[in-house]
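Let's take a quick tour of how strands and helices can be arranged.

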Amino acid sequence: MSKNLQVKVWRGKEAGDFVSYEVPRHESQTVLDVVTHIQRHLEPSLAYRFACRVGMCGSCAMTVNGQARWTCRTHVAKVASNDQLEIAPLSHLPVIKDLVTDMREFFDKWHRAQGYFQGSRSRHDEFAAVKPDSAERRAANAGIECIGCGVCYASCDVVSWRPDYLGPAALNRSWTLINDVRDTQQQDRMRAVAGDAGCHSCHTTGSCTERCPKHISPTAAIAGLKRVTARAAVRGKL
Amino acid sequence: MTESTLSLAIAQARRWYWQRISAMVLAICALIHLAGMIWAVRGGLSAAEILGRTQGNWGFASFYALFVLACAIHVPIGLHNVLTEWTALSEQTSLRLSRLFGLFLLFFGLRAVFAVVAP
């Protein structure tokens with residue numbers, strides 16, 4: 001292990017440039033540690049976003065050596081090439097400053113995909129009994145651990161050429177809810193995710209699944225959505 | 001969601017469905033077609049030999065008519081998707097062009113089947 005890392009960091013907004021910094025190398029150092037070192041010791045005006053530092057909050061995703069990754073759980077040893085790192089903001093999202101992107105569109109799309117639960121029971125009713133091993137619950141469980149980091153969205157080719165495409169995270173969330181037997185807005189949700197702006201323009205290239213730090217498969221979720229919405233459309237139930 | 005957005009989404013979802021169904025038919029047809037070709041050329045390839053096998057063969061005619069029909073459904077849907085993604089054509093123009101091409105495939109495909117089956 002050499003003593004220093006050469007780190008290029010994006011500075012600016014949409015227009016800007018990479019600026020080089022030299023950062024001391026440490027054992028078990030993460031990419032987020034590197035960015036934090038730069039901000040604390042070399043460039044106090046560097047803007048970046050993080051919160052939990054343990055892979056739970058989904059706020060620290062950046063483009064590291066060309067690939068979207070969660071930086072708090074990405075070890076430098078895994079991604080540095082010849083002791084060099086290039087750190088940029090996530091793709092497909094407007095840059096606010098340096099490594100910080102505006103994620104409003106990303107989360108608005110979750111809302112557009114009806115990615116929120118609507119039940120029919122109140123606190124005065126009995127609990128709904130959902131069998132953990134039912135097919136629906138297993139399908140929902142497969143995608144439920146999404147932390148909303150935006151890595152899949154930044155890795156998706158379809159998002160790059162079709163700005164109205166809902167994207168893997170929103171569609172994955174929608175699929176978990178379509179498989180939630182307690183939810184009461186299934187018709188609206190299927191309408192929201194049908195068609196090319198919804199799930200049907202996905203090319204199944206699988207970048208979202210390959211890059212998801214939580215090892216979720218939005219590709220499988222989108223395939224599920226394509227099937228159920230297309231069947232409903234053909235049967236006149238959409 | 002407006003009415004027009006919904007009807008567009010429903011039409012796109014339906015097209016996806018028929019593209020997949022026709023793909024399943026095409027996959028089977030292509031396998032049978034390839035196997036048939038390999039089997040058929042063993043006796044040599046001459047016009048008389050081919051026509052001797054196909055003329056009046058309504059099983060052959062039905063199979064290839066189905067093959068042509070599946071193509072005429074599958075190809076325009078994919079072509080439309082390519083056109084809307086790669087060009088600035090509107091949804092309607094792209095649909096018209098691709099459907100026209102589908103009709104072209106249907107007509108010339110069925111004509112070719114008829115030509116080798118008719119006595």
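This is a predicted model: local features need pLDDT of at least 70, side-chain atom pairs count only at pLDDT 80 or more; totals for chains, interfaces and linings use all residues.

In chain A, five strands make up an open sheet, while in chain B, helix 3 and helix 4 cross each other.

**The sheet in chain A**
- At the edges sit strand 2 (16-24) and strand 4 (67-70) of chain A, and each of them pairs on one side only.
- From one strand to the next, the twist averages 35°.
- Strand 1 (residues 4-12) of chain A is joined to strand 2 of chain A by nine bridges, and the two run antiparallel.

- Helix 1 (residues 31-42) of chain A lies across strand 1, strand 2, strand 3 (61-64) and strand 5 (84-88) of chain A.
- Helix 1 of chain A runs at about 95° to strand 2 of chain A.

**The helix pair in chain B**
- A packed pair of helices is described by the angle and the distance between their axes.
- For helix 3 (residues 58-86) and helix 4 (residues 91-117) of chain B, the axes come within 8 Å and cross at roughly 160°.
- Angles over 145 degrees count as roughly antiparallel, so that is the label for helix 3 and helix 4 of chain B.
- The crossing of helix 3 and helix 4 of chain B is right-handed.
- Where helix 3 of chain B contacts helix 4 of chain B, the residues split into 19 nonpolar, six polar and two charged.

Definitions and conventions
Residues are numbered from 1 along each chain as its sequence is written. Chains are lettered from A and ligands numbered from 1 in the order in which they are written. Two strands pair if DSSP finds at least two bridges between them. Helices (H or I, at least four residues) and strands (E, at least two) are DSSP runs, numbered from the N terminus. Axes are lines fitted to C-alpha atoms, for helices over the stretch in contact, and angles run from 0 to 180 degrees between N-to-C directions. Two residues are in contact if their C-beta atoms, placed from the backbone, lie within 7 Å. Angles under 35 degrees count as roughly parallel, over 145 as roughly antiparallel, 65 to 115 as roughly perpendicular and the rest as oblique. A crossing is left-handed if the near helix is turned anticlockwise from the far one by less than a right angle, and right-handed if clockwise. Ala, Val, Leu, Ile, Met, Phe, Trp, Tyr, Cys and Pro count as nonpolar, Asp, Glu, Lys and Arg as charged, and the others, Gly among them, as polar.
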